[in-house]
Amino acid sequence: MKYGSLLACGALFSTAGLACLLAQHIIMERRQPSQHRAQSNKRFKRDMCEHEYVALIPMEELKPLRALLRRIHRQRGWSTQLAHLDAAWEQVVQEAQTLQGGAWHVGLCGEGALCSESLRKLSMVIDGVFLAGALQQRLLSFGKQPVGFRVVEEAPGPDDWISYFDEQHNQIVLRRHRWGLSCLDVSEERPMSCEGMICTTNLQVLAHTIAHEMVHALVYNFFPAIDASSEAYLPDERHGPIFKLLNKHLFGHTIDSFRQVFKIG
Ligand SMILES: [Zn+2]
């Protein structure tokens with residue numbers, strides 16, 4: 001190759017390189033509002049410990065979340081101490097059995113069990129005890145509808161979910177048959193681990209499940225940009241680092257599933 005053609009080749013490379021850099025710059029500019037940079041480049045895994053998954057949350061997203069947690073912890077008067085958590089969950093179960101809390105029976109049986117109005121009342125109890133009113137009361141104070149509930153009668157199938165948050169209607173949806181005694185029969189003799197918490201009544205399982213969905217509702221209603229596009233929230237069907245952080249520091253939930261706990265006699 002002659003010297004001249006080498007120069008021409010270099011010029012071509014430089015022009016292509018510049019075009020590439022410009023294109024990258026334009027893409028970065030477009031991404032900036034919704035895609036903040038994480039502090040670590042590890043891939044999210046469900047079994048990560050807190051310092052690992054928190055490092056996956058970009059500082060711009062972490063700051064307002066930490067501010068929310070600080071405000072709630074200050075207002076409720078405690079953060080994540082185990083003794084306070086246990087007492088608070090016990091308070092939820094006690095208040096849920098009052099008329100104002102939905103008049104729930106611990107076994108979830110009886111007339112009117114699992115109706116949307118009782119579920120709304122239970123969510124107000126959880127909102128008061130754990131969130132210092134940061135979801136339901138806050139929506140009401142803004143003149144908006146609080147997060148609603150819908151109980152559906154779909155037949156059992158292979159994809160047998162128990163609940164989910166319906167963003168389109170701002171509702172928590174529960175599948176009725178999954179909450180019947182044939183599916184859920186939790187007691188002292190048959191305890192269950194729900195969200196990492198040991199439950200000995202069906203009502204406790206319901207309360208933890210609703211609290212889980214309230215985390216999704218909180219993000220949807222008050223952090224819409226995170227809900228729409230955060231790479232720290234969306235992984236694992238919206239159970240990524242941001243969900244894990246909030247679920248733990250709001251409710252003491254260390255995992256996001258439930259399973260039967262067998263006693264060894
Ligand atoms: Zn979820």
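Helix α3, residues 59–76, comprises 18 residues and reaches 25 Å from its first C-alpha to its last, close to the 26 Å expected at 1.5 Å a residue, where the expected span is 1.5 Å times one less than the number of residues. This is a predicted model, in which local features need pLDDT of at least 70 and side-chain atom pairs count only at pLDDT 80 or more, while totals for chains, interfaces and linings use all residues. Residues are numbered from 1 along each chain as its sequence is written. The chain holds ten helices and six strands, which are DSSP runs numbered from the N terminus (helices H or I, at least four residues; strands E, at least two).

**Helix α3**

- The buried residues of α3 are E61, L62 and L65, a residue being buried if 20 or more other C-beta atoms lie within 10 Å of its own, exposed if 12 or fewer, and partly exposed in between, with C-beta atoms placed from the backbone.
- Seen down the axis of α3, these buried residues fall within an arc of 90°, so they line one face of the helix; the arc is that of the directions from the helix axis to the C-beta atoms.
- On the other side of α3, the exposed residues are M59, K63, P64, A67, R70, R71, R74 and Q75.
- The buried residues of α3 pack against α8 (224–229) and α10 (241–251), contact requiring that the C-beta atoms of two residues, placed from the backbone, lie within 7 Å.
- Just after α3, G77 adopts a positive phi of about 90°.

**The three-stranded sheet**

- Three strands form an open sheet with mixed pairing in the order β1-β3-β2, two strands being paired if DSSP finds at least two bridges between them.
- The edge strands, each pairing on one side only, are β1 (148–152) and β2 (163–166).
- β2 and β3 (residues 171–175) pair in the antiparallel sense over four bridges, and F165 stands opposite I172 in β3.

**The nonpolar core**

- The largest nonpolar core has 50 residues, and those with the most contacts inside it are I126, A207, I210 and I242; such a core is a set of buried Ala, Val, Leu, Ile, Met, Phe, Trp, Tyr and Cys residues joined through C-beta atoms within 7 Å.
- Elements giving two or more residues to this core include α3, β3, α7 and α10, and the largest share, eleven residues, comes from α7.
- Not counting residues up to four places away in sequence, I126 touches V92, A207, I210, A211 and M214.
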